[in-house]
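The entries follow the display.

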Amino acid sequence: MRAVGNELAARLTETVQYLDLENRDLPLDRAQDEEEDLARMLIAAAWYQVLARTSIGFAFTPLAGAALEDPGGFTLPRLLQLPHPDMVDDVVDQLHKTAHSPLQDVRAQTRPEDCHGGPTFAGARITADADLVADGLLLDFKSTRHPLKEMPQRTAWQLAGYLLLDAADAYRIDSVGLYLTRTGVLASWSVEEFLDLLGACRRDLTALRAVFRELLNGCHGHADAPYFTTQEDVDHVRRLLERLAPVAVPGCCPTCLQPLPQATGHVRKFCTTRCHARAQVLRNRGLMPGGPRPLLPGPRLPHPDLSDDV
């Protein structure tokens with residue numbers, strides 16, 4: 001399987017170079033037979049990636065079945081026969097949809113040297129690789145069968161994590177977004193707007209990145225390991241929260257800490273009805289004055305009292 005995987009990687013590299021996919025003067029899609037050939041290789045490569053991520057899931061892939069059934073006859077041609085025609089057609093359809101989507105505009109407006117596929121983050125003590133950064137636009141690709149009606153929370157945290165992991169600002173990220181491959185929809189937000197939608201009280205990206213790195217560096221063991229396993233972990237996070245605890249100065253919304261809009265006829269306490277609704281939730285979680293002390297996940301351990309303005 002390793003030998004065939006190395007052959008697959010070499011064939012993929014040759015194919016990408018032959019198709020000249022970085023050439024902005026050529027259309028994004030290619031001839032049908034070339035697309036189908038590339039789709040088969042990508043599907044096979046995805047099965048290898050499953051092995052890298054979880055050995056349990058890998059046992060159910062056609063790659064594992066074919067390699068175990070006939071190890072001696074397992075070759076690259078055999079591997080490329082495994083993807084079902086319906087799977088190949090599905091991938092090709094997504095490629096064709098992309099050729100007539102807003103992603104085509106991103107491609108036309110960028111240079112190859114400004115695009116980074118599978119970017120990783122230097123110095124991060126956690127395993128993470130994003131999908132694409134194209135001239136400052138951080139994009140994550142989603143191929144869910146059902147169109148997204150709203151962004152799942154875990155997807156929002158995923159984008160936020162990538163944004164914060166680039167502590168050295170190596171990719172100069174100024175906007176984040178999602179590309180939905182089955183509907184051809186591209187949605188993006190500036191970093192400021194994205195942090196606003198998340199309800200982040202602190203908007204200074206450099207400061208947020210520094211604290212995030214400090215959080216990961218203070219983990220007991222490696223950051224990929226389960227967190228909140230020791231009193232040391234809990235104390236470390238508690239100190240970070242205390243240092244980050246925002247204080248709403250006069251004239252600012254107590255929920256998001258942004259300046260209140262000009263009052264028209266009455267004094268406003270919150271900047272929007274959304275912040276008004278979030279206030280009680282934050283109080284219940286101990287993240288605003290008037291609520292219980294904030295609790296951290298993990299073992300039931302005593303936590304120090306926080307000041308009234310936290």
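Entry 1. I looked up Asp114 and found this residue buried, with a relative accessible area of 14%. I take buried to mean under 20% relative accessible area, exposed over 50%, and partly exposed in between, with a 1.4 Å probe and protein chains only.

Entry 2. I noted the basis of the values. The model is predicted, so local features need pLDDT of at least 70 and side-chain atom pairs count only at pLDDT 80 or more, while totals for chains, interfaces and linings use all residues. Residues are numbered from 1 along each chain as its sequence is written, and side-chain values use heavy atoms, with hydrogens and water left out.

Entry 3. I searched for the partner of Asp114 and found a salt bridge to Arg111, at 2.8 Å from N to O. A salt bridge here is a side-chain nitrogen of Lys or Arg within 4 Å of a carboxyl oxygen of Asp or Glu. Arg111 also forms a salt bridge with Glu113, with 3.4 Å between the closest N and O atoms. I therefore record Arg111, Glu113 and Asp114 as one network of salt bridges. Arg111 is partly exposed, at 49% relative accessibility.

Entry 4. I counted 5 salt bridges by this rule. One of them joins the side chains of Asp90 and Arg182, at 2.6 Å from N to O. Asp90 lies in helix 6 (residues 85-98) and Arg182 in the loop between strand 4 (175-180) and strand 5 (185-190), so this pair ties together parts 92 residues apart in sequence. Helices (H or I, at least four residues) and strands (E, at least two) are DSSP runs, numbered from the N terminus. Asp90 is partly exposed at 28%, and Arg182 is partly exposed at 30%.
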